[in-house]
Amino acid sequence: MHTLLSNLKININEKIYIKDPESSDLGKRIVENSILLIDEIGFDSYTFKKLGSKIGSNESSIYRYFESKHKLLIYLTSWYWSWLEYQLVFATNSIADPKDKIEKAITIFSQTATLDSNFSHIDEVVLKRIVINEYSKSYLTKEVDKENKEGYFLIYKRLVTRLHDMILNIDATYNYPFSLASTVIDGALHQHFLKDHFTTISDLKKLDTPINYFKDLVFKTLNISTNE
């Protein structure tokens, strides 16, 4: 598996960028330092001018890769969802039991991110923090329907569909598989946000993850026995 993972390439919709940032050292530095800068000052304060100063490059050179910071955010979140999809596929592919498979999926969606040595220019821990705090800004826009038609959110939707299929594999009669799947995936981000920022309305401690909560939610919803 390590050999397979080391040969992975994260594939992002070509319409999101002007020039593939993975194709050059400058492009990788743009992505790497955008993650760090957005984490430091927030997406609202982030600009290509500030990024240019950080990496010692002209602002115009960044526009050769992305036409706007909005497109850059979509690229970063798409990269995260694609990375998560690879983890999901490899971790569940050899699991035959539907309960074990969905339990593993819930863990992957809800766990704390760790660094992945296969992508040295991406800090996955910081990137997940950005997704938790900033992801909604990529789609809560007037252009969301147009961008959806262009396939900008295809990877996220594919992840929801994968979990949807696991749910139906347990209970083919369940009426709300897409709703439950998106509740787990989006809710995991929200619960991480609450425990970090709105601690008085979170049941999680600082170092906790919402894994057990979502296992409890899904297992009870689908009447999955927790007995071994």
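These legends walk through a few close-up views of charged side chains in a predicted model. Residues are numbered from 1 along each chain as its sequence is written, and side-chain values use heavy atoms, with hydrogens and water left out. Because the model is predicted, local features need pLDDT of at least 70 and side-chain atom pairs count only at pLDDT 80 or more, while totals for chains, interfaces and linings use all residues.

**View 1. Glu124, a buried charge without a salt bridge.** Look for Glu124 in helix 7 (residues 124-134); helices here are DSSP runs of H or I with at least four residues, numbered from the N terminus. Glu124 is buried, and that word means under 20% relative accessible area, with exposed being over 50% and partly exposed in between (1.4 Å probe, protein chains only). Glu124 has no salt bridge, the term for a side-chain nitrogen of Lys or Arg within 4 Å of a carboxyl oxygen of Asp or Glu. What is the nearest side chain of opposite charge? That would be Arg129, 12 Å away; Lys and Arg count as positive and Asp and Glu as negative, with His and the chain ends not counted. Setting aside neighbours within four places in sequence, Glu124 is in contact with Trp79, Trp83, Ala113, Thr114, Leu115, Asp116 and Phe119, contact meaning heavy atoms within 4.5 Å.

**View 2. Arg162 and Glu85 meet in a salt bridge.** The model's salt bridges come to 12 by this rule, and in this one the N to O distance is 2.8 Å. The pair links distant parts of the chain, with Arg162 in helix 9 (residues 154-170) and Glu85 in helix 5 (residues 69-92), 77 residues apart. Arg162 is partly exposed at 34% relative accessible area, whereas Glu85 is buried at 7%.

**View 3. Lys215 pairs up with Glu103.** Here the salt bridge spans 3.2 Å, N to O. Lys215 sits in helix 11 (residues 211-221) and Glu103 in helix 6 (residues 98-110), so the pair ties together parts 112 residues apart in sequence. Lys215 is buried, with 18% relative accessible area, and Glu103 is partly exposed, with 22%.

**View 4. Asp196 meets Lys206 in a salt bridge.** The N to O distance is 3.6 Å. Asp196 belongs to helix 10 (residues 177-197), while Lys206 is in the loop between helix 10 and helix 11, 10 residues apart. Asp196 is partly exposed at 29% relative accessibility; Lys206 is exposed at 54%.

**View 5. Asp44, Glu134 and Lys137 form one network.** Salt bridges that share partners join these residues.

Terms used: Helices (H or I, at least four residues) and strands (E, at least two) are DSSP runs, numbered from the N terminus.
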